[in-house]
Amino acid sequence: MSSISVIIPHYNRPDVIGAAIQSVRTQTIEPLEIIVVDDCSRPEARQQLEQFSGIATIISLPRNVGLSAARNYGASKARGGLLAFLDDDDLFLPERLEKGLRYLQQHPECDAVGGGLTMVCGSRREYWGERVTRTVKLTESFLYTASMVQSLLVTADSFWKIGGFDARLRYLPDFELGIRFIGAGLRMDFVAEPFFLYNLRGSNQLSANWRANLLEQLLIVYRHRRLCREAFGPSGLARVSSFHCRRYGEMYGGVLGRSLWATGKLMQLATGEAYPSWNSAA
């Protein structure tokens, strides 16, 4: 048995959480514990969680606190020295915990390790993530999510050293965590292979609301503007903002996307280019 506590927040999705728990139970190494944090689901959804009480610790919150706060609460109750997180509609790949644990054992100077994901959309599967295993730099953490939360394996000490996830954020808490983590002088490495299956379930998913994601991303960059200027120079805030505007504009197209891209391009011409990919980051 490993020293890994796996935390799964849950909210009104009893139809999918069973598969998520099963993907933890069938890992090639056994976690110390599975903690399911129910974020004040409907009574009938909460009642269905009882079937897992023999294999997981079920924690019921008296009021809805949101995804990040639920993760933090689960982490505060964890007994393991290492923390892993899984959303209730995603699945760990079978060797996800073993690969993360082995990497940390081989690199004791690391405080956390992350990895890529396999995006599942109907019958289509696609790897998302960096192609080179490496230590994530501060510059990179402002441009891309250092590690999605579902592929993160982090020491409990370092997680609490930076205060866990920012409970104020509805979108992109893992993006913000990576900036704070690396900005605090902690080391996070990225393993260039998938650690979990990410299920894209339609337009109602938080990640599908790209306008809100972009606004949250720009807000996060602004909140950490001191670190941003430290990483990119005096015009760092504008350089990184232009990068995200152009990236979202390219991804989503249309009149709004083209306008967004043009705005970002003008900012880039005025302030300079941020690093376009991890492989060219300083």
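Start by selecting Phe92 and Arg96 in this predicted model: the charged end of Arg96 sits over the ring of Phe92, 4.7 Å from its centre. Then jump to Tyr222 and Arg225, where the arginine lies over the face of the tyrosine at 4.1 Å from the ring centre.

Next, pick strand β4, residues 82–85. Both of its faces are covered: Leu82 and Ala84 are buried on one side, Leu83 and Phe85 on the other. Now show β9 (residues 153–155), which runs antiparallel to β4 and is joined to it by three bridges. Here, Ala84 is partnered with Leu153.

Phe165 is in the loop between α6 (156–161) and α7, 80 residues from Phe85. Both phenylalanines are buried. Select Phe159 and Trp160 too, and you have the cluster that ring pairs link together with Phe85 and Phe165.

Finally, go to helix α8, residues 210–223. It reaches 20 Å from first C-alpha to last, close to the 20 Å expected for its 14 residues. Its buried residues include Trp210, Leu214 and Ile220. What do the buried residues of α8 pack against? Colour α5 (138–143), α7 (173–183), α9 (225–232), α10 (236–252) and α11 (254–271), and you'll see the packing partners.

Note on methods: Residues are numbered from 1 along each chain as its sequence is written. This is a predicted model: local features need pLDDT of at least 70, side-chain atom pairs count only at pLDDT 80 or more; totals for chains, interfaces and linings use all residues. Side-chain values use heavy atoms; hydrogens and water are left out. Buried means under 20% relative accessible area, exposed over 50%, partly exposed in between (1.4 Å probe, protein chains only). Helices (H or I, at least four residues) and strands (E, at least two) are DSSP runs, numbered from the N terminus. Two strands pair if DSSP finds at least two bridges between them. The expected span of a helix is 1.5 Å times one less than its number of residues. Contact means heavy atoms within 4.5 Å. Rings of Phe, Tyr and Trp (its six-membered ring) pair if their centres lie within 6.5 Å; planes under 30 degrees apart count as stacked, over 60 as edge-to-face and the rest as tilted. A charge sits over a ring if NZ of Lys or CZ of Arg is within 6 Å of the ring centre and within 35 degrees of the ring normal.
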